[in-house]
Number of protein chains: 2
Amino acid sequence: MAIVGFIGLGIMGRPMLNNLLRAGHTAIVYGTNAAKLDACVADGAQRGISNSDVAARSEFIFTMLPDGPEVEQVILGPDGVLAGARPGALIIEMSSINPLVSQRIAAAVTSRNIGFLDAPVSGGEPKAIDGTLAIMVGGSEFSYGLAEPLLKCMGSTVTHMGPVGAGNVTKLANQIIVACNIAAVGEALTLSTRCGLDPHVVVSAIKNGLAGSTVLNVKGPTIIARNFKPGFKLRLHRKDLRNALLTANDVKLPITTVLQQMLTSLVDEGKGELDHSAIVTYTETLSGVEIGLANKNV
Amino acid sequence: MAIVGFIGLGIMGRPMLNNLLRAGHTAIVYGTNAAKLDACVADGAQRGISNSDVAARSEFIFTMLPDGPEVEQVILGPDGVLAGARPGALIIEMSSINPLVSQRIAAAVTSRNIGFLDAPVSGGEPKAIDGTLAIMVGGSEFSYGLAEPLLKCMGSTVTHMGPVGAGNVTKLANQIIVACNIAAVGEALTLSTRCGLDPHVVVSAIKNGLAGSTVLNVKGPTIIARNFKPGFKLRLHRKDLRNALLTANDVKLPITTVLQQMLTSLVDEGKGELDHSAIVTYTETLSGVEIGLANKNV
């Protein structure tokens, strides 16, 4: 059994930590939210007094934070993970961030003989709870081998993608596809509704063909039911698309660029806390149509 | 067993006709391509001498043509289906066309006591051959009831969507989603390739999550293998998106609009005869990257 540090006790981090505890590992936690920290201690974790204290007491240090700036602060900042970590320790950075930031952090920590993996996840809160996340890992074969048994406590699909950054590139690829597939369902069902069709019947008529997708199966019914409770928040998906465009550099991503503009508008309208399936409301609002309510026949 | 006319003996029409013949129906065929006509006669169909002759001899008249102008010509044009059809006959128009054109034709033929259904299909040549197409039908309950047993010779999912035009609206919804999902896979794998990842590994890391789709499963491997043999031709998908935008009227479809521009550029570059999965080459060409060939690490 390993001694693990865990920093980042939010919607995702908390159930991921619990799956490590449940597997019998010893966990030391720290965070600035006292209530969340108390709850983790009640679940069996030990209380750290700072990020560096967590790192000093752990063989493996997990971080699960909103974006790159928070990760840089927690790992490289004052009294941070790097200040405390012992040589030979391994940082497993599971946030979804710009892969170029992963590489910058990796360069700083590996020069101090600390290992680093970027290991972002996909699947959201339900799969974090069930321990069935998809985990996409970048880093050396050696570090990956050390981390794999721990990652398998949290995920059912754990894939070594390549060197540091490759995990987050894969996550960006995932997020591009998901946002695009949601927008596609939105345009298709907005048009169908406007033409007087029942979107439930449209979904069942097309879902077994080439238009079939997990988004159509999972989000189609909740969109039609006007249920935008998150799930995965729209503002975080916008952050991911922004990171994709920052990473793209000389790669042109025309659809992702339009999507990023759409998501930015939606966040500006106050929809950032809704589920990312609320991407469909962009086309709805532009068109004066709400999916599910037939306005007229074709 | 019914007496059916069949007009439109192309890649899709020919195997659909064969499934009607195989079910024991009598078929009369006509087309301007003598070789195709001879082949259908060799398969057991009877030769018609014109569109109106086919119609005059049939209870049900099927049409399977490239786009709206061809359908209007064949049904409403000189010596066309309407000129020959007997009162009480039913036209089952299976082309993928603008639903507004379906409605215009329906108005012309129903005023002469001829029934009309729009019944476009999805699934491509393999499912046309197997008789497992998805068929989306618009028209009256009465006409749908008459046609359903014949349509089930050609399709495994036959759905009555609403009044005339509803079949083609559903097909447009399908085509919006398919084009968007292909473009999404293209952007995701172009970025991944540019960052040095193996796109095969990216696909297997993400396909079981929310990014999963039939496009990713079916077209991902052929895109990576650079196999753009049609399948469904890109220029026909462009036609479908054009029809979606024509139908949309006051509905705004921002992603579909970008896709339509992309497909138009690709047709202008001479890629219209490739499989529609060649949509991915738009981003590739812009970016100087070919999916599958790693150019550098992230």
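**Exercise 1. Find how chain A is related to chain B by a turn and a shift.**

Step 1. Chain A falls on chain B with an RMSD of 0.0 Å. The superposition is by least squares on C-alpha atoms of residues with pLDDT of at least 70 in both copies.

Step 2. Contact means heavy atoms within 4.5 Å.

This is a predicted model, where local features need pLDDT of at least 70, side-chain atom pairs count only at pLDDT 80 or more, and totals for chains, interfaces and linings use all residues. Residues are numbered from 1 along each chain as its sequence is written, chains are lettered from A and ligands numbered from 1 in the order in which they are written, and side-chain values use heavy atoms, without hydrogens and water.

**Exercise 2. Describe how helix H9 of chain A packs on helix H13 of chain A.**

Step 1. Locate H9(A) at residues 166-194 and H13(A) at residues 254-268. Helices are DSSP runs (H or I, at least four residues), numbered from the N terminus.

Step 2. Their axes lie 10 Å apart, at an angle of about 70 degrees. That makes H9(A) roughly perpendicular to H13(A) (65 to 115 degrees).

Step 3. H9(A) contributes Ile176(A), Ala179(A), Cys180(A) and Ala183(A). H13(A) contributes Ile255(A), Thr256(A), Leu259(A) and Met262(A).

Definitions and conventions:
Axes fitted to C-alpha atoms, helices over the stretch in contact; angles between N-to-C directions. Helix = DSSP H or I, 4+ residues; strand = E, 2+ residues; numbered from the N terminus. Parallel < 35°, antiparallel > 145°, perpendicular 65-115°, else oblique.
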